[in-house]
Amino acid sequence: QRILAHHSCCYDWPESRSAAGFVRNMAGMLADKLNQYRQALLPAATRDALDKVACSDDPSGAFQTAVVAPLARVKAPGEGPFFIVIDGLDEADLHANVNIADLVDSWPRRLPSWLRIVASMRRNTVERDRFANARQLEIDRGEMAADDLRRMAIAQLQQPNLASLLQHTGRSADQVAELLIAKGETNVLYAVTALEGLEREIYSIDELDNLPPGLNPIYSAFF
């Protein structure tokens, strides 16, 4: 419930690696979760900045106009903090004139106080001095990571909306959590995206068995 937007940079999906794709995705997800932000996108100048061609021509300008500035004025949707999750930052097109790392690096200075960014990348793939002020953590993808993911997924599945869906399938929260861990290979964003897809009825719990492993197929269902 505290993740307001998420983005995954996938090597074989060019749109996800581009700054323009990131900007448009952030705007769409934030508008879906924050009514005040959605209202801020109504002026023509703001909508025009998110046009696919305009955004590709000037992703930095579109980011400032349609994401950073309006979000900075939004009130917290509840008791914070809330989060934006960006996965695989090292898979972004880092050779572009304006890339996702550039945008993420500049963003914290304009974030509202109730919002945090969590970004993941492999070791030694992005210049660390670019994120010199960020808190950096090493992630263990072993049993501890699986246990944390299992607890997170079960807690989410016990929320009223998803719990009511589980009642009609005969499955327990533990069973669905284990399925998400196996399908996503302990990828947190896979589980978060899958759970959001269930809540938004993009697919049903029974359809989780047929989802291919890995993040790309499940993530592309949102676009």
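## Overview

The chain folds into 12 helices and 3 strands. Helices (H or I, at least four residues) and strands (E, at least two) are DSSP runs, numbered from the N terminus. This is a predicted model, in which local features need pLDDT of at least 70 and side-chain atom pairs count only at pLDDT 80 or more, while totals for chains, interfaces and linings use all residues. Residues are numbered from 1 along each chain as its sequence is written, and side-chain values use heavy atoms, with hydrogens and water left out.

Of the 223 residues in the chain, 43% are buried. Buried means under 20% relative accessible area, exposed over 50%, and partly exposed in between (1.4 Å probe, protein chains only). Now take the contacts with a separation of 6 or more: residues 24 or more positions apart account for 72% of them. A contact means heavy atoms within 4.5 Å.

## The sheet

The strands form an open sheet of 3 strands, in the order E1-E2-E3, with parallel pairing. Two strands pair if DSSP finds at least two bridges between them. Strand E1 (3–8) and E3 stand at the edges with a single partner strand each, so one side of each has no neighbour in the sheet. On average, neighbouring strands are turned by 15 degrees against each other, direction ignored.

Strand E2 (residues 82–87) pairs with strand E3 (residues 115–119) in the parallel sense, over 5 bridges. Helix H7 (residues 100–106) carries the chain from E2 to E3, and this β-α-β crossover is right-handed. That is, with the strands pointing away from the viewer, the path from the first strand over the helix to the second runs clockwise. Phe-82 stands opposite Leu-115 in E3, and Phe-83 stands opposite Arg-116 in E3.

H2 lies across E1 and E2, and runs at about 155 degrees to E1. Axes are lines fitted to C-alpha atoms, for helices over the stretch in contact, and angles run from 0 to 180 degrees between N-to-C directions.

Ala-31 sits in helix H2 (residues 19–33). Ala-31 is buried, with a relative accessible area of 12%. Beyond its neighbours within four places in sequence, Ala-31 touches Tyr-37, Arg-38 and Leu-41.

## Helices H10 and H11

The axes of helix H10 (residues 173–184) and helix H11 (residues 188–199) come within 9 Å and cross at roughly 125 degrees. H10 and H11 are therefore oblique to each other. Angles under 35 degrees count as roughly parallel, over 145 as roughly antiparallel, 65 to 115 as roughly perpendicular, and the rest as oblique. The contact involves Leu-180, Lys-183 and Gly-184 of H10, and Tyr-190, Ala-191, Ala-194 and Leu-195 of H11.
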